[in-house]
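Subject: Model handover

Hello,

Please find the structure below. My notes on what was found in it follow.

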Amino acid sequence: MKIGRRSFLSLGIGGIAGIMLSPLPWKLMDDSAIWTQAWPWTPVPPKGEATYVNSACTLCPGGCGISVRKINGRAVKIEGIEGHPVNDGGICVLGLSGLQLLYGPTRIRFPFKRVGERGAGKWSEISWEEAISEVAQKLGDLRKNGQSESVACLSGNDKGTVPALFKRFFSAYGSSNFMRIPSVSDSYELAVLRSSGQKAQLAFDIENSDFILSFGSGIIEGWGSPVHMIRANSIVRKAGGKIIQIEPRLSNTAAKSDKWIPINPGTEYALALGIANVIILKSLFNKNFVDSNTSEFNKFAAFVKSVYSIDNVEKITGIKKETIEALALEFAGAAKPVAVCGRGQGKVQGSLGEVMAVQALNALVGNINKKGGVFTVSDHRYFTLPGSVPDATKLANHFTDEVKSGKYTAAVLFVYESNPLYSLSDSKSVREAFAKIPFIVSFSSFMDETATNSDLILPNHVYLERYEDVYAASLPIPVISLSSPVVSPQFDTKHAGDVILKIAKKMGSPVADSFAWNSYDSYLEEAFGDNWKVLSEQGFLEDRTVALAALITASKKFDFTAGFTDIKSLYTPLVTEGDPDKYPLFLIPYDSMRIASGYIGDPPFAVKTVEDTVLKGNDILVEVNPVTAKALGLLEGNSAIVETARGKAKVKIHLFEGIMPGLVAMPRGLGHSAYDNYLAGKGVNINELIGSLEDPASGLDAAWGIRAALIKA
Amino acid sequence: MKEEKSDKSAKKFGMVIDLDKCTGCGSCMVACMAENNVPFKEDESKKLVSITWMRVYRLTNGKSFPDTEICYLPKPCQHCGGKGEHGHSPCVSVCPATATDYNKETGIVSQIYTRCFGCRYCMAACPYHARYFNWWDPVWPKGMEEYLSPNVSVRMRGVVEKCSFCFHRYQLAKDKAYYEGRSDIGENEYQTACAQACPAGAITFGDLNDSGHAVYELKKNKNAFRLLERLQTNPKIYYLSSRQWIRRAGDNYLKNEK
C-alpha cells in the first residue's frame, strides 16, 4: 500500500483526534498530576481525637486565657478562651504562633555550659546535677567572702510566684539586686508613690470611658494587656465614645482614633499642662474632687498659669491654640474622660513629669479611682508565703551604666524571662557592661541574644509545659490566670522555680532554710492556699466587687506637685543627645502587634505578617515624610544610612505621609542576631541607635528616640 | 452543567467585616495559617509569592500630612456566587480540572488540591488575588511538623490554594450534629478561625440567608459594601465602614466619576 501525502495527513489527524477522544490524555494528565504531587516528603499529619487544654499565655504581659487543641498528645492550635475576663476569645499574632516556639528549632534542649569564647556558640552539654552544683558553689563562695551583693538578677517580670521565689532567694542570700526590666510601669509606680504615697500601679479603665485622651499610648498596638485593649477599643467605638491620639506619627491607634493630633516629639507633657491650664482658667475642673481628694492645687494652678500659657504651649508642641482649647473643653465636658500615658507599648520608662502631667488632668476631672477613669491598683496578695519577704526590687535602668563604669561590681548575673542584650537601649554599652560580668546564668528556653552570650544556660520549660500564675498587665480589676502544662516537656528542661529551689537546697543552711518546698508545683499550691481550688478549676481568679471597693477607699489624696517643692524641676524639658547641626532629624521608634519586641523574638508566622513596607528581604524600611525625603534627595526604596550619636545602620526609605516632617520612624523588634533564619539578620535593632536620657526629676530613662542624620547611600 | 434545584434550606455562608473596628493587628492572618497548615519560608517579604489565605491590606486616602488616613482591610477568598448566584464564580468557570467548585449547599468555593495540576487559570481569573500558588514544597524546620493539624491536608508544590471558610470546621460541626441526632448546626458551632481569633470582634461569620444569624442584619447596614461589586461576581464578604473614601476604595472608579 502506498502512503500518499493525503492519506498520511488524514491518518495523522485522525490518529490525534482519536487519541484526544479517548481517555488517554486525561489519564496522562491525571497521572502526571499525581506523580508531581504525591511526594513522600509531604507530611501527612496523623489523625486522632481532638482534646482541649486550658492554660494562660505568658509571651507578653497581657495574660490572656488560651485553649490549646491537641491531637494524640500533639498540640496543634492555640485559641483564645471565650468568656475569659482578659481576652474573651480573642488572641494576638504572637499568642497564635506559640506552637512554633514550643516545637521550634531555637529551643534549648539541655543545660549548657560554655566551652569556647563567650558568644562563639561552643557549648558542652552538662547534667542538671552538675549545673546546679556549679551555681551553688559559685554563689556559696561569694557569700563566704561577703560579696553577696555582687549577685544580680534581671527579670522580665516581678509579679507572681516565680519572681517571688527569685526575690526570696536573693533576700535569703543577701542581695538586693533583683531587678525588673525597665518599662513604663516604673514611672507609673513612681508617680503613684510620689503623688499619693501608695505602692501601686496605674490601670486605665479604657473600656468604660467615653473620652480617651491618649498621649501616644498605642492602645491597639500592644499597650497594657494587648488583646484586652483591642477589645476595649471596640467597646468604646460601639458605645459612641471618642478617642483622641496625640503623637508625631500616624500609628494604627492614631489611624483608628476619632482625631489624630501630631505633636513635636517629647512635648506631650507640655500639652497636658497646657490643657490643665485652660481647664483651670475656665473653671471647668471638678471642684468637689479637687477640694476633698487632692493637695497643692493652688501651687500647681499658679505654675501652669505662669509657664504653660496656651501661647507657650502652642510654641512648644506645634499644636494650634484653638485645638488645645477645644481639647480642654471636650475633655472637661465629657462624662467619663480619661487621659492616658505610656508611649507605644509602654516598653520605655518615660519621664515622671509626663505621667504626673497626665495624672493632673485626671485629677482635675476627678476621675482617679472611678469607673472609666484611672485606677491605682496595688499588688494583690492573692498568694502568701510563710515568713516575710523583704522587697528586693531595684530599678534596672542604671544597672548597665553602673557595671560599665565599675560603680557596681557584678560577679554573677541571673537572666530570667528577659533578653537584655537585645531589648535594653544603647546595645553597645549593654554589651560592654555584660563583658565585665564574669558569670552570666541564663534561664532562657530559647537561644536568644543573652543566652548566646551567657556562661551557663539552665533552660526553663516553655509556658506550654509548666504551671505558673500569670498576671494580666494593668487592668482595673486584676486577673490572675493559671498557665498549665499542655504537653509534657519536649526536652531535658526544668522549671525555673524548681531550679531556684534546688540551688537553695544545694547551698544548705541558712539559705536553704527559707525554702521548705520539694517542688515548685507544691509551693505554688501552698502559696495560693484557699484560692488554689478556684484558680486551678476555673483557670483564673478575679474578684470584681472586692477589688474595686478596696481600691477606692484605699486611695489617698493626690498631690499635684508629687512632693516637689520646686514644681518646675518636675517638668524640666529634656534635651535629646546629639548635635542638632550634625543630626538635624529625629529618629523615633514605633511598636507593632506583628513584631514582638520583648524577650520573645517574632516567630515565623508573625514575621510573615510584616508588611513589605517595613521589611524587604533583610532590609528594614524607615518611614520618612516625602517633604523630608525630597530635601535629602531620597526616593522610595533608596538605600540610606541612619546615623546617631550611638551608632549607624543601613536602611531603606519608605515614604509615608503619616509622619511629621523631620522625623524618621523605625519599628522595634527587628535586627535580631540570635534565633533562627526566619528572624535572625532581618532589619536593624533600634536599640543599637538609641541611648538613654535621664530624667533629672526621677532618674528614669525618658528617651523616646534620638537626634539622627539620614544620608543617601 | 445541570442546574440543581434551588433548595430553600440552602445556606450561604458569608462574612461581614467591620473596618471601623479592625485594628490591622494581623491575628486573622496567623489564626488562618495555624488552622490550615499554611507553610512559611525564610523570606516572606516577596508578597506576590507569600501564601496568606487571609491577608490584611493597608489602604490610604492619598492625602498628605497631616490629613492622611489609613484603613486596614482583611481580605480572604470572596467566595463569589457569580451573577444570579448560579455558582459561576470567576475561578470555577475556568478550572479545567474541576479542582475548584461551587458548593450550592453552603455557597463555599472549594479547592481540591489533589485535583489541581497547577495551570493557574483560576489565579488569572480571580479579580481579588485570593489564590496562591505553591512554587515550592512546604518545609517545616525539624520538629515543627508536630503542630500540623490532620483536619487540613498539607499542600505540595505545584498546586493552588486559598481560603476555604474553614470548611473542615463545617464538616466537623455537621458530624457532631448528626451524631447528636440534629439535622442542623447552630451559628456558634461553625465559625472560621479568623472570626474566632479577632481580638476586636471585627469579623462576623454566619449564614447570610438565615435571619437568625448576625450577618443577616449586618449586611443590610447602610455602610456595607463589597469589593469590585461592578464586576457582578457577587462576593460573600461584606465590609462596613463609616468613612466614604474607604467605601469608594472598594471598587475602581474613573477620576471624575461620581
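To begin with chain A: of its 713 residues, 58% count as buried. Please keep in mind that this is a predicted model.

Overall shape of chain A

The radius of gyration of chain A is 29 Å, which agrees with the value near 27 Å that a compact globule of 713 residues would have. Along its principal axes, the C-alpha trace of chain A spans about 120 × 70 × 50 Å. Its secondary structure comes to 25 helices and 29 strands. Among the contacts in chain A with a separation of 6 or more, 75% are between residues 24 or more positions apart.

Domains of chain A

The domain assignment gives domain 1 as 112-183 + 383-461 + 489-541, domain 2 as 184-379 and domain 3 as 585-712. The centres of domain 1 and domain 3 of chain A, taken over C-alpha atoms, are separated by 31 Å. Between these two domains, 17 residues of domain 1 are in contact with 19 residues of domain 3. On the domain 1 side, helix H17 (420-423), helix H18 (427-435) and helix H19 (449-452) of chain A each supply at least two residues. By class, that side of domain 1 has four nonpolar, eight polar and five charged residues.

Ser692(A)

Ser692(A) is placed in the loop between strand S28 (663-667) and strand S29 (706-712) of chain A. Is Ser692(A) buried or exposed? Ser692(A) counts as buried, because it has 23 C-beta neighbours inside 10 Å, and the cut-off for buried is 20 or more. Apart from neighbours within four places in sequence, Ser692(A) is in contact with Asn397(A), Ser425(A), Asp426(A), Asp701(A) and Ala703(A). As for Thr452(A), it lies 240 residues from Ser692(A) in sequence and 24 Å from it in space, C-alpha to C-alpha.

Strand S29 of chain A

S29(A) is largely enclosed by the rest of the structure, because five of its seven residues are buried. Strand S23 (residues 585-590) of chain A is joined to S29(A) by three bridges, and the two run antiparallel. In this part of the model, Leu587(A) stands opposite Ile706(A) in S29(A). Strand S26 (residues 639-644) of chain A also runs antiparallel to S29(A), with five bridges joining them. Here Thr644(A) has Ala708(A) in S29(A) as its bridge partner. In a regular strand, side chains alternate between the two faces of the sheet.

Chain B and the interface

The predictor gives the complex an ipTM of 0.95 and a pTM of 0.93. For chain B, the mean pLDDT is 93, and 97% of the residues reach 70 or more. Residues 1-6 of chain B need separate mention: pLDDT stays under 50 there, and the model has one contact for them beyond four places in sequence.

How many residues of chain B are in contact with chain A? There are 51 of them, in contact with 64 residues of chain A. Helix H1 (27-35) and helix H5 (193-197) of chain B each supply at least two residues of the side that touches chain A. The largest share of that side, seven residues, comes from H1(B). By class, the residues on the chain B side divide into 23 nonpolar, 14 polar and 14 charged.

Regards

Definitions and conventions: Residues are numbered from 1 along each chain as its sequence is written. Chains are lettered from A and ligands numbered from 1 in the order in which they are written. This is a predicted model: local features need pLDDT of at least 70, side-chain atom pairs count only at pLDDT 80 or more; totals for chains, interfaces and linings use all residues. pLDDT is the predictor's confidence in each residue, from 0 to 100. Two residues are in contact if their C-beta atoms, placed from the backbone, lie within 7 Å. Helices (H or I, at least four residues) and strands (E, at least two) are DSSP runs, numbered from the N terminus. Ala, Val, Leu, Ile, Met, Phe, Trp, Tyr, Cys and Pro count as nonpolar, Asp, Glu, Lys and Arg as charged, and the others, Gly among them, as polar. A residue is buried if 20 or more other C-beta atoms lie within 10 Å of its own, exposed if 12 or fewer, and partly exposed in between; C-beta atoms are placed from the backbone. The radius of gyration is taken over C-alpha atoms; the globule rule is 2.2 Å times the number of residues to the power 0.38. Domain bounds come from an automatic or database domain assignment. Two strands pair if DSSP finds at least two bridges between them.
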